[in-house]
Amino acid sequence: MRTELTTIATDTTPLDGAFHWPEDRPSRGGVLLFHGNTMNFYVGAPRWLPPVLTELGFACLAFNRRGHDILSIRNSRAPEGGALQLDNNYAARWMADRGFLAPVVIAHSGGGMLGVAHASQHPETPALVLLSAFRGCAGEQSIPAQKALAGEGYEATMSNAQALVAAGRGKELITVPNWWYVISAESYVDRVTTLPDTLALAPTIKCPVLYVRGSLEPKELYPVEGYAERAGGPCEVAIVAGDHFYNGIEGDVCAIVAQWLNKTLPVP
C-alpha cells in the first residue's frame, strides 16, 4: 500500500491523519477508521487494519478525532486531555472530495459509539464494522457510567465540573477517581449529557453491521447482543478470545473483518 500523511481542515484545530490506498490495483471503495478514546491514528486498529484493507482494494483514512491521546498540546503550552468529539463529517467530506462518497465505517471503542451515530446520520454508509463499540447514553441512563468514572462521589464531581464550565474554565483538566487519564471539565460534562446511545440508534441503521467484542470485556459496556436484537438491518456478531485492544489476536480480527467485508461488499 501507499501512505500519505494528511491534515483535514476544520473550523478550529485541523485533524491529522494518514491516507492509505492500494498501490497495485484500483480502489473498490473507501473506509473511514475511527480510533478509540485517547488513542490516535497510528495505534490500535487504525494501524494494523490498513495493510489488510488495502490488499482487499479499499482506500483508508485513519485520522485523529478530538479525543486523541491521553495528554497533549497543540500550538501552545496549554495542555489538553481526552476531548469528546461527536462530529466526524470533516473526515467524511475529505473522503468525498477524493471520490469516496459513501465510505465504510470501521470504528473501535468510544470511536465505535460515534461510528454508530455517524452511520445513523449517513444512510448512504454501505457497511459498519464495530470493534468493541462502547454503549454510550446520556441523561438518567448515564448514572452508571458516571459512577464508573467518579465512584460514589459522582454528584460532587459533576457539580465541580459544571462550576468550572460556568466560570469559563471548562478547559481546565481534572482527575476522576476511576478514569485512567486526566480530562477537561467540559469534556466530563459532555460525556454525561451528550453521548449517543448505541442501542437506541441501532434500529435507525439499515446497512449491514459486523459487531466484534473481546471475550474478556463486560457485556453491559459493549452490548453486542443487545445491538443485534435491535438492529435495523443485518447484523453479524463475532466474539473473539481476547481483551478490549485485541492484544495478540490482531491477525484474527483482521481476518474476521476481511472475510465479512468480502462477503458483504463483493468486488464489482
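Two strands are taken to pair if DSSP finds at least two bridges between them, and helices (H or I, at least four residues) and strands (E, at least two) are DSSP runs, numbered from the N terminus. The structure is a predicted model, in which local features need pLDDT of at least 70 and side-chain atom pairs count only at pLDDT 80 or more, while totals for chains, interfaces and linings use all residues. Residues are numbered from 1 along each chain as its sequence is written, and side-chain values use heavy atoms, with hydrogens and water left out.

Strands E5 (residues 104-108) and E6 (residues 128-131) run parallel and are joined by four bridges, and valine 105 has leucine 128 in E6 as its bridge partner.

Two residues are buried, meaning under 20% relative accessible area, where exposed is over 50% and partly exposed lies in between (1.4 Å probe, protein chains only).

| Residue | Element | Relative accessible area |
|---|---|---|
| Histidine 118 | helix H4 (residues 110-121) | 5% |
| Arginine 213 | strand E9 (residues 209-214) | 4% |

Leaving aside neighbours within four places in sequence, histidine 118 is in contact (heavy atoms within 4.5 Å) with residues including Leu32, Phe34 and Val105.
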